[in-house]
Amino acid sequence: QVQLQESGPGLVKPSQTLSLTCTVSGGSITTNYYYWSWIRQPPGKGLEWMGAIDYSGSTYYSPSLKSRTSISRDTSKNQFTLQLSSVTPEDTAVYYCARRSGSALDAWGQGTLVTVSS
């Protein structure tokens, strides 16, 4: 059974770059035809899809975040990463990594709270 685990700093200063890593176990991130996503939930708000990287390494981004977001992967470590630049307090959220299979997000990490504050 695949498991996902987010890791990274819990506090980031405004204007800096937020970096998170998702480590995947129990399955390879290069397996056809999975998509590996980043999703966030600000306090008191709904889930927001940020972007994804697929089994071949192609990336997809939310139009509203595309200019600030980069998703990459390290296949040797079975990890994929999120970088969000120029953060503001509005980027404070619980950040999740998840796997999409078909139309369903069928595996999630537990989530990690990132606070943007000076």
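Mentor: In this predicted model, rings of Phe, Tyr and Trp count as a pair if their centres lie within 6.5 Å. By this rule the count comes to seven aromatic pairs.

Trainee: How is the aromatic pair of Y35 and Y55 arranged, stacked, tilted or edge-to-face?

Mentor: The centres of the Y35 and Y55 rings lie 6.2 Å apart, and their planes make an angle of 85°. Since planes over 60 degrees apart count as edge-to-face, the pair of Y35 and Y55 is edge-to-face.

Trainee: How many residues apart are Y35 and Y55, and where do they lie?

Mentor: Y35 belongs to strand β4 (residues 35-41), whereas Y55 falls in the loop between β5 (48-54) and β6 (59-61). The pair therefore links distant parts of the chain, and the separation is 20 residues.

Trainee: Which parts of the chain does the pair of Y35 and Y60 tie together?

Mentor: Y35 and Y60 form a tilted pair, with 5.7 Å from centre to centre and 50° between the planes. Because Y35 lies in strand β4 and Y60 in strand β6, the pair ties together parts 25 residues apart in sequence, namely strands β4 and β6.

Trainee: Which residues do ring pairs link into a cluster?

Mentor: Y55, a partner of Y35, is partly exposed at a relative accessible area of 21%, and Y60 is partly exposed at 34%. Ring pairs link these two residues into a cluster whose members are Y33, Y35, Y55 and Y60.

Trainee: Which residue lies over the face of Y35?

Mentor: The charged end of R99 sits over the ring of Y34, 4.0 Å from its centre. Over the face of Y35, at 4.4 Å from the ring centre, lies R100.

Key: Residues numbered from 1 in each chain as written. Predicted model: local features only at pLDDT ≥ 70, side-chain atom pairs only at ≥ 80, totals over all residues. Heavy atoms only, no water. Phe/Tyr/Trp six-rings, centres within 6.5 Å; stacked < 30°, edge-to-face > 60°. Helix = DSSP H or I, 4+ residues; strand = E, 2+ residues; numbered from the N terminus. Buried < 20%, exposed > 50% of the residue type's maximum accessible area, 1.4 Å probe, protein only. Lys NZ or Arg CZ within 6 Å of the ring centre and 35° of its normal.
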